[in-house]
Amino acid sequence: MPSIHQVVTDQKVAQLCQVVDGGSGQYICFTRLVGDTWTICTSDGIDVWRLEIDAEDLTAQIELAEVNSEETYLNRFRTAFNSGNISVSKDGVHITMTLGQGTTALSFDLHEARAAEKKAELQHILFRLATQVSDLDSKLQKANQALDSMKMQRTSGGAVNLGLVDLDGKKKGGATKVKPKQPGMSVINPTSKKRKAARGVEFD
């Protein structure tokens, strides 16, 4: 049986992130994976609430959701998370995070993090988001450079094509045109008319 680290990684739920409106304010919801512990977190920017899930906890969550496999469960989790179908409700020092709606919804009870945990989680999400912004900026710059290069190639290629068209035009313009033969003119000597054969005198 694969480890929870492998399953969470394969199902692409190790580093999810979404900002949601919790009614009383906005919350950033995110997941992280450290060793064989998958953590679900939410924060209002000041406090942090979290839930650690190991292999045994994941099995219990799957049974509670009444699904037949880890893949099915985590796929439901990922789909709801990525679509922003998340609700957050605060009750004292606890937060309930619900993903999805109706009978297929997944609910998690998150507990307020201790000072050291809060510091670590805020530090983690801060640098993770900063790295993502930096990567996106780098990709945007590369895309703009590639676009500029394509524009230059098209402009250069267009100038060459126009030059070829002009050269062809000059060649066509400089070619000797064959004048159409006028009726009655000699083919051998175009400047003289053909002589008609004598037909004799016709009497009425």
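**View 1. The residue just after helix H2.** Just after H2, Glu 66 takes a positive phi of about 60°, where helices are DSSP runs of H or I with at least four residues and strands are runs of E with at least two, both numbered from the N terminus. This is a predicted model, in which local features need pLDDT of at least 70 and side-chain atom pairs count only at pLDDT 80 or more, while totals for chains, interfaces and linings use all residues. Residues are numbered from 1 along each chain as its sequence is written, and side-chain values use heavy atoms, with hydrogens and water left out.

View 2. In H2 (residues 55-65), Leu 58, Gln 61, Ile 62 and Ala 65 are buried, where buried means under 20% relative accessible area, exposed over 50% and partly exposed in between (1.4 Å probe, protein chains only). These residues lie on the same side of H2 because they cover an arc of only 100° around the axis, the arc being that of the directions from the helix axis to the C-beta atoms. The face turned away from this buried side carries the exposed residues Glu 56, Glu 63 and Leu 64.

**View 3. Thr 42 in strand S3.** Thr 42 lies in S3 (residues 37-43) and is buried, with a relative accessible area of 0%. Leaving aside neighbours within four places in sequence, Thr 42 is in contact (heavy atoms within 4.5 Å) with residues including Tyr 27, Ile 28, Trp 49 and Leu 110. A polar atom of the Thr 42 side chain lies 3.4 Å from the backbone oxygen of Ile 28.

Notes:
A polar contact is a pair of N or O atoms within 3.5 Å; within protein, one must be able to donate a hydrogen and the other to accept it, and residues adjacent in sequence count only if both atoms are side-chain atoms.
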